[in-house]
Amino acid sequence: MNGKFKPIKLFLLIFLFTVFPSQIRADYIPIASYKIDVRLDVKKKLISGQEKISFLNTSTKDLDTLYLHLFPNAFSSDSTIFVKESGYLKELMKKEEYQGYLKIKTVEDERGEISYKLNETLMSISLPEPLKPGKKIELSCEFELKLPKISFRLGYDEDNFLLCEWFPKMAVLEQDGTWRNFPNHYMTEFFSDFGTYDVSITLPLKYVIDGTGYVTAEKNNPDSTKTVSFHAEKVHDFAWAASPDFKVRKVNIDGVEVVFLFLPGDLYRFPRWVKGVEAVLKYCNSHFGKYPYKKLVVANSSIGLGGAMESPMFITMPPDLPFTPENVRLDEWIIIHELAHQWWYGIVASNEAEEAWLDEGMTTYTTRKIMENEYGIMGNIIDLWGVKISDENLTKLVYSTSAKVDPIVKPSWEFLSVASYGVNVYYKTSLVLDLLENLVGKEKMDSFLKEYYNQFQFKHPKTDDFIKLAEKVTDQNLDGFFRDWFYDTKTCDYEVRKIKSEEKGNSKKDKLYQTTVELRRNGDIIMPVDVLIELENGEKIRQTWDGKEKWYKFKIDTKAKIKSAIVDPENKIVLDLNVNNNALSVKPHRWPVFKFLSDYLFWMESCIQWIVDFF
Amino acid sequence: MVMWEAFRNGIARVWENKILALILFLFKVFFAFCLLIPAYYMFARTFSLSPLANNFLKGYDFSLLVDFFTYWNKSIGLYRVLFLFIILISILGYIFLSGGLWGALFQNLREGKQRFKGEKFFGDCGKYFWSFFKIFIFICVIYILAFILGMLIFSLIQAIAGKELSVTGHVLVLITGLVIFALLFMLVDMWGDYLRIYRVTSEEKKLRVILKPSLRFIFRNFGRTVLLYYLLSLILLGTLIAYLGLSKILHFIPADKLLILSLFLVQQAYSLFRSFYRLVYYSSQLVLFDKLYDLR
């Protein structure tokens, strides 16, 4: 423990953490820092070595126990919480090669060995004497990591190695002394404190390696190995990849050295990935705040779609995605999404496990903004042979067709299923943020997100912090909005049910009509909506309905008969479950229907023609 | 050149039997209508009174279609079953109809221009149905084998090309793969046609009896049979590209009534042409067969 800590510093620290809310915490403080020295045995798929952890008690309580995460133990058998919840991994884990473990050999503090307890992916260390608030402890830990064949974000595939969350790692301690020490569930990602990392990895000479941070030294050893040293500050993980097959490409984008590690089959994607990185840096630097590091690594992982992952200064891209033309932008979507995580998770590091929407939802929203910015509102995912499908279309499709059984804000492992987690945390959240933008205006939304990034960079904001700041910046009471959309499973659907105009009075010269528009609110969420009424003389009348009742009838006097009415004409309520009932005309629209009929008839004739052609 | 002669003669003979193309076209329209009606009902109910439907005049507005699919989710599930059922019925229907088509074309070749007789046409439909059904089953199996062979060849090409390919390399491998599959499937389709020719011309009902001679015929005259088939297919490809170009122009300029009507007419004209041209395949191959094995 650090005995040189002065009482005045302790007082200031406690004062700052208790009196002021988290968003106005002073400067950046490294809380959990690591010095790691390991050797990779590529034949045995073993990593052995030691780490020195320096941990600062930033809470107001004395600590007699410390908690650490041991994520690799999620793969230790087919009966771990992680594997059982995954379902599909259970069969795989019966094979020995897919199993891995993180074995702790010793734990010591400055006075010698201390006792610890293991509980699958969690380790608790009982301290010989309590760690006082504001005090630091230094622990040494010797460990051995047996890498599993990669099935999920950590492991090896033939000679390729990918590692994130791979070493004994401190759990996050709240200011009130509560530990965020959850076991690794299948539907949880990670949550760690910021710190400084000095990592040395020894591995065979022919391996290409890169990871979080900057390479500070590389020396060749007499036994045909090399030791590569990294240094990183203000990060909360050290992720890395190594392979003798990596092809390295480097580009400098906006002052950031971007290192691409390609497996040979994916090298041709280089120009598309560069464009993706450029798009993210351009957008996020200007809309949120500048990327604070000078380096970024984009590495090919060895597993499919689940192989796309974010870590500080390091992202992975799945290999062997199907070859697509440039106007089918799957590659672009993935790289933009993973890279946008640098802002929402890497730098603004919310709790990915218990409030996953704060990183996944924010990132999905940001991904859409970047896709729209780069490739247009329409057809930014697919723009092929006249078929235009946008990110918003797909997101809406996923949200609309899924059961709405979970709210957005809840711990990841409490969602009904993986699908429900994905729909709410990624897609519904991104649409709710779109809706928020439509309600408060783009300018205010941009200001809010900029402020959010500035206030919470290198910190751990929570949902409450997000809501309070949104209300402050937009100067609106958003309590009801967030309660309905974030903490409830309510839905929204407005409908124009009936329209009519009846002649009023007998004057033949200046005819007057009583026009009635009947609106319905089919969902439970109450939002004020605009209604645009168009008359036969071309006049347009705009009205607003507060949406409080289940139905409402507008009765207005008009000089011409009604032609049509549209509720929410600008489609601000992007989560409206059925946009098609938002509008109604008096006269039928025959030509669009005829065009559809014509096309559909031809498509069906073509189907039958295929039978004629081939049989 | 005998193939060119067969092609020209084939067109002339189908032209003399234009009614066959019309029957085939009406056959397609009938089944297409069966598939269209429920889809049209759902679409019209959703959009006929909605001003938002005008967005469809500029292409396909997916924001509206997303909600359409969501709203009709259960009905679309049922529609899929109906689709499969109707497709199955149309396959059987075509096996039945093709007997009459082949019979009429063969009669034209043997006896010159004849007046269309429904009695004879539907008689042939019934007469050849069972044989053609067996040919259909056999050809389905051969298609599967051709697919497996295609996959093997494609994997081999990928292995030869290696992993470190440029974008152009990937495009070339993909195009090569598509061409290989197309050539293989065309060969299978061609074999199916010559099996039917043998059935119609020899009056042999047993499939196993006509398998060998049809294959022998194709391989003995491999250059001519294949070249004729690929010549027919190349011309079809040309017309398809021309149609797609025209349809794209008509689809994506802001539509008015006249343009929508033009699009409808172009689509139906092309569908009629496809019916006509499929008969040209039959007829040209029949003429080639006749030239090489004098049928008269």
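This is a predicted model: local features need pLDDT of at least 70, side-chain atom pairs count only at pLDDT 80 or more; totals for chains, interfaces and linings use all residues.
Two strands are said to pair if DSSP finds at least two bridges between them.

Which residue in β8(A) is the bridge partner of A:Glu108? The partner is A:Ser140. In β5(A), A:Glu108 stands opposite A:Glu113. A:Glu108 therefore has a partner in each of two strands, by the rule that strands pair through bridges.

Among contacts with a separation of 6 or more, 66% are between residues 24 or more positions apart.

A further part of chain A deserves attention, an open sheet of 4 strands. The order is β29-β28-β31-β32, with antiparallel pairing. Which strands lie at the edges? They are β29 (540-545) and β32 (583-585), each of which pairs on one side only. Neighbouring strands in the sheet are turned by 15° against each other on average, direction ignored. Within the sheet, β28(A), residues 529-535, and β31(A), residues 562-567, pair over 5 bridges. There, A:Leu535 in β28(A) has A:Ile562 in β31(A) as its bridge partner.

I turn to chain B and its contact with chain A. The contact takes 60 residues from chain B and 47 from chain A. On the chain B side, seven helices are to be named: α2 (18-47), α3 (62-71), α4 (73-111), α5 (118-161), α6 (167-202), α8 (222-252) and α9 (257-292) each supply at least two residues. α2(B) gives the most, with 13 residues. By class, this side of chain B has 37 nonpolar, 14 polar and 9 charged residues.

The axes of α4(B) and α5(B) come within 6 Å and cross at roughly 115°, and the crossing is right-handed. The residues that meet include B:Phe96, B:Leu97 and B:Trp102 from α4(B), and B:Phe129, B:Phe132 and B:Phe133 from α5(B). The residues of this contact divide into 13 nonpolar, 4 polar and 2 charged.

One residue of α6(B) may be of interest, namely B:Phe181. Why does B:Phe181 count as partly exposed? The reason is that B:Phe181 has 17 C-beta neighbours inside 10 Å, whereas a buried residue needs 20 or more and an exposed one has 12 or fewer. The C-alpha atoms of B:Phe181 and B:Ile197, 16 residues apart along the chain, are separated by 24 Å.

Finally, a word on confidence. The model scores ipTM 0.93 and pTM 0.88. Chain B averages a pLDDT of 91, and 98% of the residues score at least 70. Thank you.

Technical notes: Residues are numbered from 1 along each chain as its sequence is written. Chains are lettered from A and ligands numbered from 1 in the order in which they are written. Two residues are in contact if their C-beta atoms, placed from the backbone, lie within 7 Å. Ala, Val, Leu, Ile, Met, Phe, Trp, Tyr, Cys and Pro count as nonpolar, Asp, Glu, Lys and Arg as charged, and the others, Gly among them, as polar. pLDDT is the predictor's confidence in each residue, from 0 to 100. Axes are lines fitted to C-alpha atoms, for helices over the stretch in contact, and angles run from 0 to 180 degrees between N-to-C directions. A crossing is left-handed if the near helix is turned anticlockwise from the far one by less than a right angle, and right-handed if clockwise.
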